[in-house]
Amino acid sequence: MIKILVNLFSLVILGIIQVSFLTTWLPPISSLNLILSLVIFLTVIINYQKGLWWALGGGLFLEFYSGLNFGVTTISLILIVVEINFLFNNFFTNRSFYSLMILGFLGSVSYNLLVLILGLVTSIFGLGYFSLGVNFWFEFFWPPVLNLIVLAIIFFSYYISTVRLKNIFLFHSTGYETKGKF
Amino acid sequence: MFKFLRQSRLSLILLAVVVLLIFLHYIGAIRPIENSIIKVFSPIQNQVYSLGVKINNIYSNLSVSRDLAQENRKLAEEVNQLTVANSQLKTQLQEIQEFKIQQDFVAATGLGAVTAKVIGKNPESNSQSIIINKGSDQGIKVDFPLITADGIIVGKISRVKASSAEAILINDSRSRLAALVQNEAGSKGVVVGEHGLSLKIELIPNNDLIKENDVVITSGLEPTIPRGLVIGKISRILSEPNSFFQTAAIRPQVKIDSLTIVTVLISPNYD
């Protein structure tokens with residue numbers, strides 16, 4: 001129960017930062033998607049279920065403030081988790097930093113693509129209005145690059161703060177550490 | 001594949017939940033919950049937003065200050081360049097004006113003349129001579145007079161090369177000029193320089209009456225120097241009681257040490 005509350009609290013904090021803090025900055029910083037980056041990180045590094053729950057929670061929180069049609073963000077995030085999990089299980093099976101970066105980039109681009117498609121679909125069904133911005137291509141490709149930076153920061157913060165990654169990833173270690181672990 | 005499908009069960013459940021929520025949202029069933037959530041978080045969001053704006057403003061102000069400092073530096077550089085350009089233009093203008101006056105004078109007298117630029121000065125401290133950028137190729141010879149403005153003599157050519165010449169200024173100790181005072185007697189004398197500092201006229205007969213502000217001109221006794229070129233005005237009488245001749249200090253009409261353009265008067269029949 002405490003874990004769920006901690007996760008909810010973290011989710012809200014992150015959501016508030018994304019909605020109320022980052023948006024005060026100019027593009028491309030305002031286009032940073034912290035929730036997406038964290039969802040990708042959780043899916044690859046922690047586990048699939050956690051990624052899904054964060055996708056649902058984060059997506060719903062962002063829906064309240066999003067200009068997109070209701071549901072587009074959440075569905076896109078959940079589908080991204082599914083996609084990344086599929087890619088991770090079948091193609092990028094080693095949990096390396098590079099795998100995370102590649103999956104992060106693919107996930108971010110796919111997310112943008114999904115938002116675009118779902119936005120168009122929902123507007124066709126009369127569930128709202130959707131339009132492409134003037135800086136569409138700029139906003140389409142810049143966020144994935146920035147999300148990679150955020151992912152790298154999250155990754156190294158986690159790497160420094162926990163021993164978990166050190167057990168999972170191949171890393172350059174001293175002889176003493178190797179002896180101790182095996 | 002089986003694993004993937006098994007794992008997808010949760011995602012399908014969650015997607016179904018979302019679809020349900022979308023439906024409830026569009027029929028307005030969850031609108032009160034949405035509003036409550038927004039209401040609960042809005043004070044915190046307001047604070048966070050204000051903080052973001054403040055940080056952004058600080059950053060913007062820093063950026064503006066940096067831009068202003070850069071612009072200021074650029075403008076300062078421009079001012080320096082313009083000052084230099086302005087100074088150069090003023091110098092050129094002065095030279096052109098000087099040149100015109102000299103040309104007008106030469107044209108009025110009907111004498112031959114070569115206008116030259118001063119390109120240097122003799123570095124010896126006890127010598128007052130200048131180097132000009134015209135020489136024997138332009139017909140300049142030793143002892144030809146140098147004038148400035150409208151007929152004020154400033155020196156004599158002392159050495160000539162093909163495309164340059166050296167001239168001793170009238171305040172040099174070596175300079176000697178046959179002169180006369182424009183007084184009633186038309187007193188004749190010799191103007192000599194005094195260590196580059198001043199001029200004096202010597203050998204004026206004792207019984208001739210000279211006074212301050214009398215104009216001293218060239219006498220025309222020297223074959224290369226025409227009569228009537230202004231040397232200066234008498235500033236002080238230096239006569240001694242038991243002397244046969246009078247001496248007087250002369251105040252030059254121009255600043256001899258700041259010449260930039262001079263005219264050399266040519267005597268066509270002089271060898």
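How many Å should the 16 residues of helix H3 (residues 48-63) of chain A span? At 1.5 Å a residue the answer is 22 Å, and the end C-alpha atoms of H3 lie 22 Å apart, which agrees. The expected span here is 1.5 Å times one less than the number of residues, and a helix is a DSSP run of H or I with at least four residues, numbered from the N terminus, while a strand is a run of E with at least two.

Before we go on, this is a predicted model: local features need pLDDT of at least 70 and side-chain atom pairs pLDDT 80 or more, while totals for chains, interfaces and linings use all residues. Residues are numbered from 1 along each chain as written, with chains lettered from A and ligands numbered from 1 in written order.

Across the 182 residues of chain A, 35% are buried. Chain A has 8 helices and 0 strands.

Now look at helix H1 (residues 2-21) of chain A. Its axis and that of helix H2 (residues 34-46) of chain A are 9 Å apart, at an angle of about 140°; axes are lines fitted to C-alpha atoms, for helices over the stretch in contact, and angles run from 0 to 180 degrees between N-to-C directions. A:Leu14 and A:Ile17 are among the H1(A) residues in this contact, where contact means C-beta atoms, placed from the backbone, within 7 Å.

H1(A) also meets helix H2 (residues 31-109) of chain B, crossing at roughly 55°. Thanks, everyone!

How values were computed: Contact = placed C-beta atoms within 7 Å. Buried ≥ 20, exposed ≤ 12 C-beta atoms within 10 Å, placed from the backbone.
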